Amino acid sequence: MPFSAPPPASGERYALSASLDNARHLSSLLRAVHFQDYATCFATASGLRVTVEDAKCIQANAFIQAEIFQEFFVQEESVVFRISLSVLLDCLTIFGTSSLPGTSTALRMCYRGYGYPLMLFLEEGGVVTVCKINTQEPEELLDFDFCSTKVVNKIILQSEGLREAFAELDMTSEVLQITMSPDKPYFRLSTFGNAGSAHLDYPRDSDLMEAFHCNQTQTNRYKISLLKPSTKALALSCKVSIRTDAQGFLSLQYMIRNEDGQICFVEYYCCPDENITEAEL
Amino acid sequence: LSRIGDELYLEPTESGLSLRAVNSSRSAFASFLFAPLFFQLYEPGSAGPDTELFRCKVHMKSFLGVFRSLPSLEKSVGKCLILLKPRASRLVLQLHCKHGVTKTHNLAFQECERLQAVFDTQRCASRLCAPARVLAEAVVHFPPTLAEVTLGTGPGGKISLRNYVEDEAEPSKTMVTELWLAEDEFQSAAVAPGSHITFCLKEFRGLLSFAEASNLPLTIHFDEPGRPVVFTLDDTVLEVHLVLATLSDLKSNSRSPSTNGVSHLPAPSDDFADDLESYMAAMETSEGGSGGPPSPTFPLRTSRPAESDPEEEEEEEEEGEGAVPGTPPHKKFRSLFFGSVMTPGRPGPATTQEVLAEDSDGEC
């Protein structure tokens, strides 16, 4: 059961306060974007967004809507801070990561505002842990400016079809090449590793394909090391939407259903690799 | 096959697709021959009057990488297409999976010589045949790290298995495990009494797991110490051979230098493999019985495939120089292919060379 933290002295309200019956609803999503130590947290009335970036080429966002929380309150228009995602995850899973049926960790999160640490109150089986994590000045984030009007190609696939493929990607290849086309091979993932090249083809009439809207043949390459972390999000998700725009920017959106059947989203944006060489077939 | 060597040799023949491997010290050789009936479709290509059917070798790891995670493969893959494209220098492995998904792997290969160990099961004095389970249950008593094991025949037709202990080992620090199997555990046993052979267990374990999984009886053909032991599995669509060198008895192992300055039985080293690489070629298994004594010189066929790329030839030789040792070569195990190293420049072995296995009569 969630419990209330004592209100701050002098009657001030917290800039952000939220409570969640099952901390796993938050921790599993955060793990799906945990490929860097630090993340930027945005809280608005609609919910919480956690952003992680790397190499100025890739950005991942985890969205947890306000409806997922039992209580969710944001004082100002929006609250932003930078925080160590590694430490945050360690605290959220302080009672262990194995999920025994019937047990869950309850969470209350409080943030007084700029300069204050993020307070976490975690409770499981009557044991309470209090964590204070220092926050930092938020840094400027990339704006991929990826909107639905600029999308050239879009497909929606059932995640089960891609999970194994992503887990087994040939990591000796520097790039992952994605081909999307109204003609064969329709949707193709290619790697060029030490053993040779490998191609994974999904036909447009596959029963894994939920939606297929490809207008133009596009082949783009992305650094495989940047995309590999998205495998975690893929593993959690039931569906994934793959979109590219005219410049070859990639948007991967994962629909994740949590233990209570609620829907959350994780998205990855990636720039195409600039060292374009002739594709090996 | 990956327990034997780092490279997989693919040789399509009229009688089926042969997959082979050899270890770096040339003391273990295995071949799996899949008959055309094993496949839904089998087209070995056509050999011209002067050319042979194309064959190649690929890195074992690259090939195995295509077939990762066997349990999920069984569930998701409908069929597998294997294409050899000499002109593109690619071995194409295409898996047709469920949901219409196709996985295509284009593996780089190297052209290679025909890989064939010389052995003749007809000339083996002893033969044992047992269900794989019996042997697996016997072998489980030995530690997984055990290198060599001795198989022997004892009184009352019993068969013994004993771990091999080096002479230099300290008696107080070694543990000896010995087990005996009664003759009736075997499906058939025709053994020369008092015979024994010592071979590398590690290389045998791979075949044993395969035999157990496919529920096939295993036949062991052996002879005197020093002559190779041959393990075979037979099925309507599959023929498997594993040939392992065996330890020769110290008493008969002469280390004295021979005449003509040709070196005699040195310990196999990396250099040994190099020289072998340049002489290693097909040992034609000649048709018709060769009942007489072994011929002192045996034919060497060093022909290379007609469209051989000069670049690839170089690669082949370089590759020999940089041979990565597989199974650590045991000093006393000899090569299955030649009795000893040749000094450079000499076209063939001298008559004083001892040969492990002479020309077979094409039975295997």
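How many residue pairs are in polar contact across the interface of chain A and chain B? The rule finds seven, with both residues at pLDDT 80 or more. (A polar contact is a pair of N or O atoms within 3.5 Å; within protein, one must be able to donate a hydrogen and the other to accept it, and residues adjacent in sequence count only if both atoms are side-chain atoms.)

## Before we dig in

This is a predicted model, where local features need pLDDT of at least 70 and side-chain atom pairs count only at pLDDT 80 or more, while totals for chains, interfaces and linings use all residues. Residues are numbered from 1 along each chain as its sequence is written, chains are lettered from A and ligands numbered from 1 in the order in which they are written, and side-chain values use heavy atoms, leaving out hydrogens and water.

## Where the chains touch

Chain A brings 17 residues to the contact and chain B brings 16, with contact meaning heavy atoms within 4.5 Å. About 1400 Å² is buried between them, and carbon and sulfur atoms give 43% of that. (Buried area is the accessible area, with a 1.4 Å probe, that two parts lose on being put together, summed over both.)

Strand β14(A) pairs up with strand β7 (residues 102–108) of chain B: six bridges join them, and they run antiparallel. Here A:D201 stands opposite B:T102. (Strands, E runs of at least two residues, and helices, H or I runs of at least four, come from DSSP and are numbered from the N terminus; two strands pair if DSSP finds at least two bridges between them.)

## One lysine, two partners

Two salt bridges cross this interface. (That's a side-chain nitrogen of Lys or Arg within 4 Å of a carboxyl oxygen of Asp or Glu.) B:K103 meets A:E164 at 3.1 Å, N to O, and A:E168 at 3.9 Å. A:E168 sits in the loop between α3 and β12 (175–180) of chain A and B:K103 in strand β7 of chain B, so this pair joins two chains. A:E164, A:E168 and B:K103 are linked in a network.

Is B:K103 buried or exposed? Its relative accessibility is 16%, so B:K103 counts as buried. (Buried means under 20% relative accessible area, exposed over 50%, partly exposed in between, with a 1.4 Å probe and protein chains only.)

## Inside chain A

The whole structure has 13 salt bridges over all chains. One of them links A:K223 and A:D273 at 2.8 Å, N to O. A:K223 is partly exposed at 36%, whereas A:D273 is buried at 11%.
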